[in-house]
Structure formats: structure tokens, C-alpha cells
Amino acid sequence: MSTAKDLKAEQVEAIKKSVQDSKAFVLVEYEGITVEQDTKLRSDFRANNVKYQVLKNRLIKRALNELGFNEFDNYLEKTTAIAFANGDELAAAKVVTDNAKSVKVLKAKCGLLDGKFIDASVVTQIANIPSKDILLCQLCGVLQSGISGLARAISEIAKNKEN
């Protein structure tokens with residue numbers, strides 16, 4: 001085997017490992033992005049524990065096909081980067097969608113969430129879901145309001161019995 005083939009095989013294995021280790025990923029089209037915009041995008045990805053790589057379409061396709069994912073084949077055209085969410089499953093989708101509002105040439109092509117293919121519209125929908133921490137805080141607020149209402153009612157009953 002030649003050195004180039006060995007290098008490509010190593011890259012495919014690295015992509016497969018990243019797919020298996022990540023909770024989700026998003027394929028990103030970035031054609032026409034400026035250096036300044038790309039620097040900000042990469043910074044946002046790092047801040048959200050998302051690994052962002054620009055890779056060759058052929059290598060991504062080969063890695064995904066070897067893992068049994070053939071749904072991505074039609075999306076691996078033009079410029080493609082891949083954003084692997086290693087913490088919050090929704091982080092990659094959120095960063096791409098948020099940055100796409102100001103960087104018009106940036107867009108999500110599709111992704112993988114919970115081992116299932118998702119198209120660009122689903123990527124956008126899940127990007128609008130609040131983070132896990134915010135959802136937990138909202139749940140605590142709802143639970144706390146019910147408990148505090150019960151405590152006020154019991155307090156009023158106790159006051160009425162005293163009188």
C-alpha cells in the first residue's frame with residue numbers, strides 16, 4: 001500500500017472514531033466564508049465543546065458508509081465541514097444556526113442525532129430548543145411554584161383555624 005493510501009485510511013479511521021465518540025454532528029457548508037467569520041465560528045465551536053473540522057467529502061463519505069450511514073451521500077458536495085458535538089447534543093446545531101444568521105454563506109446541510117439522520121430543517125428546529133441546563137431550571141421553577149402555592153394554602157388554612 002502506498003503512503004497516500006495509508007494516510008487516507010488513517011483519516012477515515014479518525015473520522016469514524018469522531019463520529020462514534022460524539023453525541024451528534026452537523027455537516028456544514030461554508031463556501032465563501034471570510035477568515036474573520038471562520039475564526040469567530042471556530043471560537044464559538046470551541047466554547048461549546050464542539051470539534052469542527054474541514055474534511056474531504058470522499059473521506060467523510062467513506063467513513064460514514066463504513067459505519068452504515070448512506071443517507072449523507074447526496075449532501076457531500078461542494079465545501080463541507082463537520083461539527084462534532086461532544087458535550088451538549090444540540091451544541092453543534094445551535095452554533096451553526098446562530099452563526100448562519102449573520103454569515104449568510106454558512107448553512108447546515110444535515111446531521112446525525114441519536115444515531116439517526118436529520119436534514120437541515122430538523123437541525124434548525126433542534127437548534128431552537130433551549131439547552132439542557134435551561135430546561136432543568138425551567139422545570140425547577142415550575143415545580144417550585146406548585147410547592148410554594150401549596151405552602152401558602154396550608155399557611156392560610158392554619159391562620160383561619162387560629163382565628
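This is a predicted model: local features need pLDDT of at least 70, side-chain atom pairs count only at pLDDT 80 or more; totals for chains, interfaces and linings use all residues.
Trainee: Thanks! Which strands stand at the edges of the sheet?

Mentor: Let's start with two terms: helices (H or I, at least four residues) and strands (E, at least two) are DSSP runs numbered from the N terminus, and two strands pair if DSSP finds at least two bridges between them. The open sheet has 5 strands in the order β2-β3-β1-β4-β5, with antiparallel pairing. Two of the strands have a single partner strand each, so one side of each is left without a neighbour in the sheet: these are β2 (50–54) and β5.

Trainee: What is the average twist from one strand to the next?

Mentor: Angles here run from 0 to 180 degrees between N-to-C directions, using axes that are lines fitted to C-alpha atoms, for helices over the stretch in contact. From one strand to the next in this sheet, the twist averages 20°.

Trainee: How many bridges join β4 to β5?

Mentor: Strand β4 covers residues 107–113 and strand β5 covers residues 116–119, and the two run antiparallel.

Trainee: At about what angle does helix α5 run to β5?

Mentor: Contact means heavy atoms within 4.5 Å. Helix α4 (residues 91–102) lies across β1 (24–29), β2, β3 (81–85) and β4, running at about 25° to β1. Helix α5 (residues 120–127) lies across β1, β4 and β5, and its angle to β5 is about 90°.

Trainee: Is α4 roughly parallel or roughly perpendicular to α5?

Mentor: Their axes come within 8 Å and cross at roughly 95°. Ala-93, Lys-94 and Thr-97 in α4 meet Val-123, Thr-124, Ile-126 and Ala-127 in α5. Angles under 35 degrees count as roughly parallel, over 145 as roughly antiparallel, 65 to 115 as roughly perpendicular and the rest as oblique. The crossing of roughly 95° therefore makes α4, relative to α5, roughly perpendicular.

Trainee: How far apart are the axes of α1 and α3?

Mentor: Helix α1 covers residues 3–21, and helix α3 covers residues 57–66. The two pack at an angle of about 60°, which makes α1 oblique to α3. Residues in the contact include Val-12, Ile-15 and Val-19 of α1 and Leu-59, Ala-63 and Leu-64 of α3. The distance between their axes is 9 Å.

Trainee: Which residue forms a salt bridge with Lys-16, with the closest N and O atoms 2.9 Å apart?

Mentor: A salt bridge is a side-chain nitrogen of Lys or Arg within 4 Å of a carboxyl oxygen of Asp or Glu, and the whole structure has 9 of them. In α1, Lys-16 forms one with Glu-13 at 3.3 Å, and these residues are 3 apart, about one turn of the helix. At 2.9 Å, Lys-16 forms a salt bridge with Glu-66.

Trainee: Is Lys-16 buried or exposed?

Mentor: Buried means under 20% relative accessible area, exposed over 50%, and partly exposed in between (1.4 Å probe, protein chains only). Glu-13 is partly exposed at 44%, and Glu-66 is partly exposed at 42%. Lys-16 has 14% relative accessibility, so Lys-16 counts as buried.

Trainee: What is the N to O distance in the salt bridge of Lys-17 and Asp-21?

Mentor: These residues are 4 apart in helix α1, about one helical turn. Lys-17 is partly exposed at 49%, and Asp-21 is partly exposed at 48%. The N to O distance between their side chains is 2.6 Å.

Trainee: Which residues does Ser-18 touch?

Mentor: Ser-18 lies in helix α1 and is buried, with a relative accessible area of 10%. Leaving out residues up to four places away in sequence, Ser-18 touches Lys-51, Gln-53 and Phe-84.

Technical notes:
Residues are numbered from 1 along each chain as its sequence is written. Side-chain values use heavy atoms; hydrogens and water are left out.
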